[in-house]
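I opened my notebook to look up where this chain packs its side chains and where it leaves space. Come and read along with me.

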Amino acid sequence: MDKVIRKPADAVADVPDGASLAVGGFGLNGIPETLIRALHAQGTARLRVVSNNCGTDDRGLGILLAAGRISRVTGSYVGENKEFARQYLSGELEVELVPQGTLAERLRAGGCGIPAFYTPAGVGTQVADGGLPWRYAADGTVALPSPAKETRDYGGRPHVLERGITTDFALVRAWRGDRHGNLVFRRAAANFNPLAAMAGRITIAEVEELVEPGTLDPGQVHLPGVFVQRVVPLTPAQAADKQIEKRTVRA
């Protein structure tokens, strides 16, 4: 039951080239920065990433992206990363854009063993009808368009079929965690972390504070340890290393 692995490098050592990876965080809030950097140092390539966004040019998943280690991204928001835009538009990166609520539910559904579900989000757009450019050619034409999806009426309203997401691995960050993998997220850092953790077949959680089993109030646990296979305790410096995309202050 003791799932603690002290070294981040050891925790991600078996992530192979070409693996699929669900990653928590929203912007730079709640991202598993230490595990991402360990994966970067390891040299893992051709990763297929599922995450709300892809970090910034020098933080989070942006580190792997800049090194050319990501081949495909399934996400919702990509506006803070110029290198992401460059790779996508030049045909170096495959991108599946998903409505944010749909992405959240696809991760949750995959983690709960639900293969697919119907939602009204995206009906009447290329999300449902197909034709979104998943990959561009070098000359700017669409090399790989998204396929059309099944639609069905419920209560007189059309809905589109979306598939649940499961991945080989998941990387998440929690505020507190115990040796059994029970996790507590702090405020907005919860975001996509519990959902990504549920979707991963092997979930690795970096925790700012490691506590002994029985310390956490069961009623306060956001994600039970059944979804977590490895727990990596952060050093004080790693736990304090938190950034935001844009700092806004009064003059």
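My entries below go from the cores to the cavities and then to the pockets.

**Ground rules.** I am working with a predicted model, where local features need pLDDT of at least 70, side-chain atom pairs count only at pLDDT 80 or more, and totals for chains, interfaces and linings use all residues. Residues are numbered from 1 along each chain as its sequence is written, and side-chain values use heavy atoms, with hydrogens and water left out.

**Cores.** I looked up nonpolar cores, meaning sets of buried Ala, Val, Leu, Ile, Met, Phe, Trp, Tyr and Cys residues joined through side-chain atoms within 4.5 Å. Buried stands for under 20% relative accessible area, exposed for over 50%, and partly exposed for in between (1.4 Å probe, protein chains only). The largest core has 27 residues, and Leu39, Phe84 and Leu171 are among those with the most contacts inside it. Helix H2 (33–42) gives the largest share of this core, 4 residues. Helices (H or I, at least four residues) and strands (E, at least two) are DSSP runs, numbered from the N terminus.

I then checked Leu171 for contacts (heavy atoms within 4.5 Å). Leaving out residues up to four places away in sequence, Leu171 touches Val12, Leu35, Leu39 and Ile204, among others. Another core, of 24 residues, lies apart from the largest one and includes Leu103 and Phe192.

**Helix H2.** Which residues of H2 are buried? I found Glu33, Thr34, Leu35, Ile36, Ala38 and Leu39. Just after H2, Gly43 takes a positive phi of about 90 degrees.

**Cavities.** On a 1 Å grid over the protein atoms alone, a cavity is a set of points where a 1.4 Å probe fits but cannot get out; a pocket is an open set with protein on both sides within 12 Å along at least five of seven lines, and lining residues have an atom within 4 Å of a point. Grid points are joined across faces, edges and corners, and a volume is the space filled by probe spheres set on the points. I counted 2 cavities of 30 Å³ or more. The largest holds about 70 Å³, and Glu96 and Lys149 are among the lining residues closest to its centre.

**Pockets.** The largest pocket has a volume of about 370 Å³. Its lining has 21 residues, with Arg72, Glu96, Arg106, Arg163 and Ile165 nearest the centre. The second largest pocket holds about 300 Å³, and Asn29 and Lys242 are among the residues nearest its centre.
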